[in-house]
Amino acid sequence: MDVFFQQLINGLSLGGIYALIALGYTMVYGIIELINFAHGDVYTLGTFFSLAILTALGVSGEVHGIALVGVALVTILGSMLLCGIVGVLIERLAYRRLRNAPRLAPLITAIGVSFILENVMQLWRGPSPVPFPQVIPNPSFALGGVEISAKQVLAIGFAIVMMVALQLFVTRTKTGKAMRATAQDRDAAQLMGINVNTTIAVTFLIGSALAGAAGFASGVYYGTTWFFNGFEAGLKAFTAAVLGGIGNIPGAMLGGFLIGLIEAIATQYVPQGAQWSNVVVFSVLVLVLIFRPSGLLGESLPEKV
Amino acid sequence: MRRSPVLARLGVVSLIAALAAGCSSSPTTSQASSDASASAAGTTIKIGIDLPVSGADASIGIPTRNGAVQAIEDANAKGVPGGFKFVAYDLDDAVQGAHDPAQGAQNVKTFVSDPAVLAMLGPFNSNVAKAEIPITNDAGLAQISPANTATGLTKGDDAKKLRASHPDTIAFFRVNATDDRQGAAAAEFARKRGFKRAFKRAFIIDDNETYGTDLSGVFETEFRARGGTVLGHEHLSRGQNDYKALLTKARALSPDIIFYGGTTSTGGGLLRKQMGDAGLAKTAFIGGDGISDQEFITAAGDMANGGYFTVAAADTTKLGTARAFLAAYKKRWHADAGPYSANAYTVAQIAIAAIEKAIVADGNKMPTRAEVLKNVAATKNFPSPIGSVTFDANGDTTRPILSLYEIEHGKPVFVDQYVAHT
């Protein structure tokens, strides 16, 4: 049983990273019904921004106490801000003019932006994995026979905190209300005096900032990054958003955790599991979509953002 | 290392990058040759050299080429029978910074169409060799490689397919060990020697590519044959970079060693790194030459230390026969020899000896390619920096040497060598 619980922890922490990325996918889809394929690469950019900030701060190893809080805050906020700016720029340059074009046009543009980001990162930091400093001390806690490391707690906790904060923002603030209105009916929202362009820009700002935070969490969690990181993670996170019901914030998190869990459990209990875990993940996705086409939480909360 | 190491995807991506940036990296001058000053035809014999000497492969390709060029210079200095002079006809098979099978094939066609070329040396990468072998086989041009490890280049049905024109003629030879022997050597090291203790329980992981599955398959068989237990054999799926679940599964079976078949780029470095996170920091780790690069050490970080890998060549610094060569190399090129320099020197010496023997047999006349090929195939107990070389019926050396390295303080340290007598 210890192995089972150990795999649960592995799956949840992997799922936490997916969930953080999935939040950004789901927000953008919720508001303009665009699958922002560049989102996975904004997340990778987040790892590189975090790395650059840490390097600028002169941090190359573990930091303790109050300094750790400072370093972590500066890095996370810096990475969120930079990724947010990149997200807004992407929306302004690549998507805004295509907002009323046929659906396929911005989708292809998104793929183009994804390629551009990947290559810019490859030029910036080279084609090979880059080590990420182990900023956070990583003691393990033993619960019975199960070991939980601080990094795993961080990955899981970070996703939950971000999800709750985002949900509160969308449901409790004025900007959140504007976002929900824009999502429901853009023209009507505009008639009511909502600045749709600003609202959509804010959506990209927040979604991309979350990717920046996910970038920091993943850099700390894996201790490494490379320019192609976001491809697989982005695909899985997108799947997570669809599984949970795209456009739905708690759904994105649920989907992320579920996919991480299924991956870990399948690796353990399916023969040749490491090779087949993706097959199991996507089979579950297909099954869920057959019976609940709008995802697990898609219908119960029709309100989209 | 001797396989295509870069994801095909990256190739596409970098191409698009070049287009997006509106400019491309400067084209490689792959047709540059050093025979501009060749003397009058008839007195010059050319030896083709095809290696990747630009871009990412240059750091390993140039010292290899230098070894071959040095052997040719030495032969000229000593004097060639019949008043002939050897010239190194040296082409680059790297395009846009990486070795390219199509460019290799093009280079070999250039050699074949020049009647003064009587033998060729190279290439470095197995996929390039795959494109070249059918051409040298068709032309009957002797080709000797210092570094290709893929088993199917010389053995079995795969090799037969490469020799479509003349199935019974062997024109491709190599002096390094093959991947099947590398897997066996790793098993031998793990069970019997090289380590402080013998390992009993292995968990095998490979990257699901040709090289990785072949290597780990051989390791599995050989480890069992030597009395070891194989607890499991899993394959990584491409693009994945979280191996904690897999490593947790392995850990539950309490292995004392993990074997990895594959390259750094397909997951080797991250796998080793995450062994630390998954509670396997004290479990031994061994892989093939796919993880013998600096990349592995960078990607695995501190966990790289204590990892083992095999290389399909002798460690020349430990070979008495190589001492004179290494000193001469340093004097000639003002740098230390690369891991394949001695192999390249050896293959050039074998080609030169075969040509000189043919010249003498012909009464100091220009020999034919067929005569040279016959002499190369008959190479027996040939003294060289890497020891005595004899080619078997497939064109492989009968005395493949493999080395085991351990990574200590971020640097590979030679541990032991293994000679697989055939």
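**View 1. The five-stranded open sheet of chain B.** In this predicted model, chain B has an open sheet of 5 strands in the order β2-β1-β5-β6-β7, with parallel pairing. Strands here are DSSP runs of E with at least two residues, helices are runs of H or I with at least four, and both are numbered from the N terminus; two strands pair if DSSP finds at least two bridges between them. At the edges sit β2 (85–92) and β7 (172–174) of chain B, each pairing on one side only. On average, and with direction ignored, neighbouring strands of this sheet are turned by 25° against each other. (For angles, axes are lines fitted to C-alpha atoms, for helices over the stretch in contact, and values run from 0 to 180 degrees between N-to-C directions.)

A note on conventions: residues are numbered from 1 along each chain as its sequence is written, while chains are lettered from A and ligands numbered from 1 in the order in which they are written. Because this is a predicted model, local features need pLDDT of at least 70 and side-chain atom pairs count only at pLDDT 80 or more, whereas totals for chains, interfaces and linings use all residues.

View 2. Strand β6 (residues 142–145) of chain B runs parallel to β7(B), and 3 bridges join them. Look for I144(B): its bridge partner in β7(B) is F173(B). Helix α2 (residues 58–78) of chain B packs on the sheet, where it touches β1 (44–51), β2 and β5 (117–121) of chain B. The direction of this helix makes about 170° with that of β2(B). Helix α12 (residues 341–361) of chain B packs on the sheet too, touching β1, β2, β5 and β6 of chain B, and its direction makes about 160° with that of β5(B). Touching means contact, with C-beta atoms, placed from the backbone, within 7 Å.

**View 3. The seven-stranded open sheet of chain B.** Here the order is β9-β8-β10-β11-β12-β13-β14, an open sheet of 7 strands with mixed pairing. Its edge strands, β9 and β14 (411–419) of chain B, each pair on one side only. Neighbouring strands are turned by 25° against each other on average, direction ignored. Inside the sheet order, β11 (residues 284–287) and β12 (residues 308–311) of chain B pair in the parallel sense over 2 bridges. G287(B) stands opposite F309(B) in β12(B).

**View 4. Two domains of chain B.** The assignment gives domain 1 (30–176 + 318–391) and domain 2 (180–311 + 402–419), with bounds taken from an automatic or database domain assignment. Their C-alpha centres lie 33 Å apart. Domain 1 puts 4 residues into the contact and domain 2 puts in 7 residues. On the domain 1 side, those residues divide into 1 nonpolar, 2 polar and 1 charged. (Ala, Val, Leu, Ile, Met, Phe, Trp, Tyr, Cys and Pro count as nonpolar, Asp, Glu, Lys and Arg as charged, and the others, Gly among them, as polar.)

**View 5. Where chain B meets chain A.** The contact takes 29 residues from chain B and 32 residues from chain A. On the chain B side, α1 (8–20), β9 (229–235), α8 (244–252), α9 (264–277) and α10 (294–300) each supply at least two residues. The largest share, 6 residues, comes from α8(B). By class, this side has 11 nonpolar, 11 polar and 7 charged residues.

**View 6. Helices α2 and α3 of chain A.** The axes of α2 (residues 39–56) and α3 (residues 65–95) of chain A come within 9 Å and cross at roughly 135°. The two helices are therefore oblique to each other (under 35 degrees counts as roughly parallel, over 145 as roughly antiparallel, 65 to 115 as roughly perpendicular and the rest as oblique). Residues making the contact include F49(A) and I53(A) of α2(A), plus L82(A) and V86(A) of α3(A). The contact residues divide into 9 nonpolar, 6 polar and no charged.

**View 7. Helix α8 of chain A and two partners.** α5 (residues 150–172) and α8 (residues 196–222) of chain A have axes that come within 9 Å and cross at roughly 170°, so α5(A) and α8(A) are roughly antiparallel to each other. Among the residues in this contact are F158(A) and M162(A) of α5(A) and L210(A) and A213(A) of α8(A). By class, the contact has 9 nonpolar, no polar and 1 charged residues. Helix α6 (residues 174–184) of chain A comes within 10 Å of α8(A), axis to axis, and crosses at roughly 105°, so this pair is roughly perpendicular.

Terms used
Contact = placed C-beta atoms within 7 Å.
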